[in-house]
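I set out to record, entry by entry, what I looked up in this model. The entries follow the order in which I consulted the structure.

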Amino acid sequence: MTRILQLKNLTKIFPGNVTAVNNVSMSMEEGEFITLLGPSGCGKTTILRMIGGFEYPDLGSVFLDGSDITDTPPYERPVNMMFQDFALFPHLSVAGNIGYGLRISGVKGRNVERQVGEMLDLIDLPGLENRLPSELSNGQRQRVALARALVRKPRILLLDEPMSALDAKLRQSMQVELLELHEKIGITFIMVTHDQTEAMVMSDRIMVMRDGMIEQIGTPTELYDQPGTPYVADFLGQSNMLLATVTQNESGRLVARLGELEIDVTDASIVSDIAEKVTICIRPEKVRLINLARDDLSGMETFEGNVQQVLYSGHAIYFTIALGQDTNIKLHHPLDTTLETAVIPVKGEQVTCGVPTSTITVFPR
Amino acid sequence: MKQHTRNIRNFWLLFTGPAIWWSLVLLVPYLIMLMISFYTRKFPFHVPDFQFGNYVKLIEDPQYYLVLFRSIKIAFLVGVTAFLISYPLAYCLARKISSDRWRLLLYVATIIPLWVSYLLRAYTWKTILGSEGILNSFLMWTGVIQEPSTFFLYNQFAMVITMAYIFTPFMVMPVYASLEKIPSSLIEASKDLGANRVSTFLKITLPLSMPGVLAGFTFTFCLSAGDFISPTLVGGPYSNMVANVVATQFGIAMNWPLGSALGIVLLFIVLAVITLSDRLERAGRINLA
Amino acid sequence: MAIGIAAASALGFLYGPIITLMIFSFNDNPITKLPLTGWTLEWYYKALTNPDLLAALWNSVIVAAAAVVICLAIGIPTAFALDRFDFRGKTIFRRLVILPITLPGIITGVSILAFFSMMGVRLSLWTVIVGHGTALTAIVVTNVFARLQRFDRRIEEASADIGARPWQTFIFITLPNIRSAVIGSSLIAFTVSFDEIPVTYFLTGRDNTLPMYIWSVVRRGITPEINAIGTIIVVFSMVLIFVSVLMIYDGRQDTPTGRRN
C-alpha cells in the first residue's frame, strides 16, 4: 500500500485566538477507511476542510501523492467531499447535480448521461434523474450527494458527519452500505464523526482528537483494548474510571487502593511509568457477577459491593454497584443462558464482582 | 499562489470598480458641498474661501432658522400622523388576519402605493383639497357648506396630510415587522395573568412594537424634513421648508455657498436623528427569542 | 372590530386619492371637481399625442434603463464585497452606501451638481443618469445583500469541490440562486427612476424626464391631461411593483408576512 496523504504540522488559528488545529501530523495509506473522531470543537472538521481545500492552514502542509497541495484551490484537487447537509444545488435536478462535475470538466453530453446513469445504479436510485432535491427524502439526498462526489473518481472521498441527518434505523443501514461501497470502489475514505460506535464499526483506523491535537491513532481494537489515555478509554465505549493510589507491597506486587478496596494490578495493562496516583479504567462489560463457591477465579480480581441500581436494557442488564464510601462501579451483564432470571440480584443486595486483571488499564494521573 | 494572496486579489478585482464609483459620486460630492459651504458669495457666482459667514447667517437670520424649525416641526407632525394612521393597519395585518395568503396580499396592497409616483400622489391631494377641488365640491354638493372653503389647501395642514399620506406605507412596514415578531405566547400569558385586552395592548404589545415604530418614525421624519415637492404643490406662502430654500439658493438666488451650508445642516440634522434613533433602539432592545 | 374599521379606513385612505385620480381622468369636465359630468377619453388622447410629454417619456425610459445598468454593475459587486469580505472601514462604507436612500434626495442632487460644476461638466441626460445611478444603487445593494446573507455557501464549496473554477461557480450556481433578488430590485429601481424628482431637478439639462415635465405642468395648476397620464403611470407602476415584490419573495420561506408562501 502506498502513502497517499500526509499532513505535516498542520495548524489553524481562527479569529479570536481560537486554535482549532494544533500541530497535527499524520499520514494515510491508499485505500484506507480512516475516521477522525472527537467531540464538537476538537478540530476534526477543520482538518477535513483543509484536506479538501476549503480552509488553508496557518502553518504546516498537506501532501497528496507526494506533492504539496497546501495552496491548491479545491477545484484543482482530486479530492471530493460529501457535505454534512449535502449541499445539493437546489435549482438543478438529480441528474444535473451528479453530472455537474462532469460537465465542468468538459465531458460531452451523451457521456455525461451514461456516467450519471451508472452512478444512479451504483447508489441504487434508478429513475430519479429529473427530480429536484426538494422532492427527495433525506436518505435519497444523501445518496445523490455521495454520487455527485464520486462521479469524478477522486483519489480521496471526504465525508463530513455523513449520518448526522439520518434517523437511527437509516443510520445503521447506511453504515453498512458505505462500507460495502468502500470495498467495491477501493479508494481512500476519510470520515469525520462524533459517534464512536459509528467510527468503530466502519473504520480501518481511527484518529481520536481532542482540543485540536491527536490523542491517539490506531485500529478500533487497539484503541478499545489498549487505550493510551483516560480520555480515549472514556470516549470509546464505556469505562469505569476509578481514582486510586498505588504502592508496592511486601511481596513486590503492585496494589491499588481506593478507600478500603484493594486491587492487585501487577498483571494489569499499565500505561507508562507508574506514579503513585493513578486512574484505573475498568470496562463495565468485563466485570462479572461471581458466585464465590462455583466460579473459576484465576486471573481475576474480586471485590464486594452493594447493588444500587438495576437497569434492564433488552439484551443486557446494567448494574451499578457501590464498592465503598464514594466508589461506584458499573457492570454490564449480558442476558444469556448463564444467568437464570431467578438469580438476578436486586437493589440493596450484597454481591461479589470479578474482573480479569489483564483487562484493567492503569494510567498515571 | 498562496491562498491569502489569492483572497486579496479576488477582493480587489471585485471591488475596485465600485470603490472608484462610490468615491466619485458620494464621497467627493459631499466633500465638495462641504467645501463650498465655506465659500463667499461674489456676484455672479462664488469664490473659494474659508469662512463661517454662511453658517452664521443661518443662525442669525430669522428667515433661515425659522425655516429650519418649521421643517422639523412639520416632519415631526407628519411622523405622528403617519403613526396614528398606520399603526391600526399594521396591527390588523400582523395579529388579526389568520390566512397567510390574505395577509401577504393585503401587505403587498399596502406597500404598492409607496412605489407609485410620489409626485402624482402629492398632486392628487391638490385636486382633492383645492377650492375647486373634490372635497369642496363634495361638501357643497351634500350641503355641508355653502361656499368653497380655502381652509384645506395651501397651508401647513395640507402639507402634513399630504406627506402623512405618502409616508404611511413607510411606517407600516417596520411596525408590521416588529408586531409580527411578538410571540403569541406573550399575549396569552398576559391575559392568563389577568390583564384585559386594552391592558395587554398598552403594557405588552405596544412597548414591544416600539423598535418598529421608532424605525418608521425616523425614516418618515428624515424624508419629510427634506421634501420640497409637497410644500410647493400644496403648501402656501408660509410653508417653505428647508428643501425649498436650498433649491432657491441653487436656483434663482445663485447663492451656492449658502445653499451648501443649509444642505450640510440638513444632512447633520438627519444624521443626528438617525444616530439618536439607533441608540434608542439599542438601549431599549429586548431579546424576544 | 374597531381595529378592523380603523385598518380598513387606513387602507381606504391609501387608495382613495389614487382612485379619485383614475375616476377623474375619464371625467368630461376639464375642471376637476364633483359632480361627475360625463365619460370621455379625450384627456388620454391629448396626453398621448402631446409631443413634449412623449419626448419626456422616452427620456425617462432611457434614463431608467441606463440607471438600472449602473445599479447592477456597481450594486452587485458591492453587495458581494459586503457579504464576503472584511475590510477596514467596512462599517463606514456600508453606511455611506445607504445614505442616498435615507437622506433627502436634494442633498444627493445638490452635491453632485456642485461636483459636476466644478469639473465643468454640462448638465444633460447623462448627468441625470449619474444622479439616478447614485441614488438608486442602494436598492440593489440592500436586496442582493439580504439575499446573499440567506445564501447557503456550502453549495458554492460543493461546486468548487467538484472542479468548477470561481467564475463557473458564480455563473452556474450563485447567480441562478440570487436571480429573484437581482430581477426584483432592478424592477423597483426602474420604477423609482421613473418617478425621481429631487435629484433630477438639480441635474437636468435641456431634456426633461417625465416627472420633470409633469412637475412643470402641475406647478401651474391642475389639468385633466395630467389626470390621464397619471392614471397610466399609476397602473403601470402598480403592475411592475406587484410583479417584482412577488419575485423577491418567490420561493422564500420567510415572506414579509412571516410564514411559508
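This is a predicted model: local features need pLDDT of at least 70, side-chain atom pairs count only at pLDDT 80 or more; totals for chains, interfaces and linings use all residues.

Which residues of helix 5 of chain C are buried? I listed G105(C), I106(C), I107(C), T108(C), G109(C), V110(C), S111(C), I112(C), L113(C), A114(C), F115(C) and F116(C). Twelve of the 15 residues of helix 5 of chain C are thus buried, so this helix is largely enclosed by the rest of the structure.

I next looked up what covers these residues. From chain B, the cover includes helix 1 (3-36), helix 11 (242-250) and helix 12 (256-283). From chain C, it includes helix 4 (90-102), helix 6 (125-149) and helix 9 (198-203).

I then checked the length of helix 5 of chain C, which spans residues 105-119. From first C-alpha to last it reaches 21 Å, close to the 21 Å expected at 1.5 Å a residue. After the helix comes G120(C), for which I noted a positive phi, near 75 degrees.

I traced an open sheet of four strands in the order 2-1-4-5, with antiparallel pairing. Strand 2 (18-29) and strand 5 (67-68) of chain A stand at the edges with a single partner strand each, so one side of each has no neighbour in the sheet. Strand 4 (residues 59-64) of chain A is joined to strand 5 of chain A by two bridges. Opposite F63(A) I located D68(A), in strand 5 of chain A. Helix 1 (residues 44-52) of chain A packs on the sheet and touches strand 1 (3-14), strand 2 and strand 4 of chain A. The direction of this helix makes about 120 degrees with that of strand 1 of chain A.

Entry on a helix pair in chain B. How do I describe the packing of helix 4 (residues 100-115) and helix 7 (residues 156-181) of chain B, and what is the angle? I noted an angle of about 140 degrees, with the axes 8 Å apart. Helix 4 and helix 7 of chain B are therefore oblique to each other. Helix 4 of chain B makes the contact through Y107(B), T110(B), I111(B), P113(B) and L114(B). Helix 7 of chain B makes it through P169(B), F170(B), V172(B), M173(B) and Y176(B).

Definitions and conventions: Residues are numbered from 1 along each chain as its sequence is written. Chains are lettered from A and ligands numbered from 1 in the order in which they are written. The expected span of a helix is 1.5 Å times one less than its number of residues. A residue is buried if 20 or more other C-beta atoms lie within 10 Å of its own, exposed if 12 or fewer, and partly exposed in between; C-beta atoms are placed from the backbone. Two residues are in contact if their C-beta atoms, placed from the backbone, lie within 7 Å. Two strands pair if DSSP finds at least two bridges between them. Axes are lines fitted to C-alpha atoms, for helices over the stretch in contact, and angles run from 0 to 180 degrees between N-to-C directions. Angles under 35 degrees count as roughly parallel, over 145 as roughly antiparallel, 65 to 115 as roughly perpendicular and the rest as oblique.
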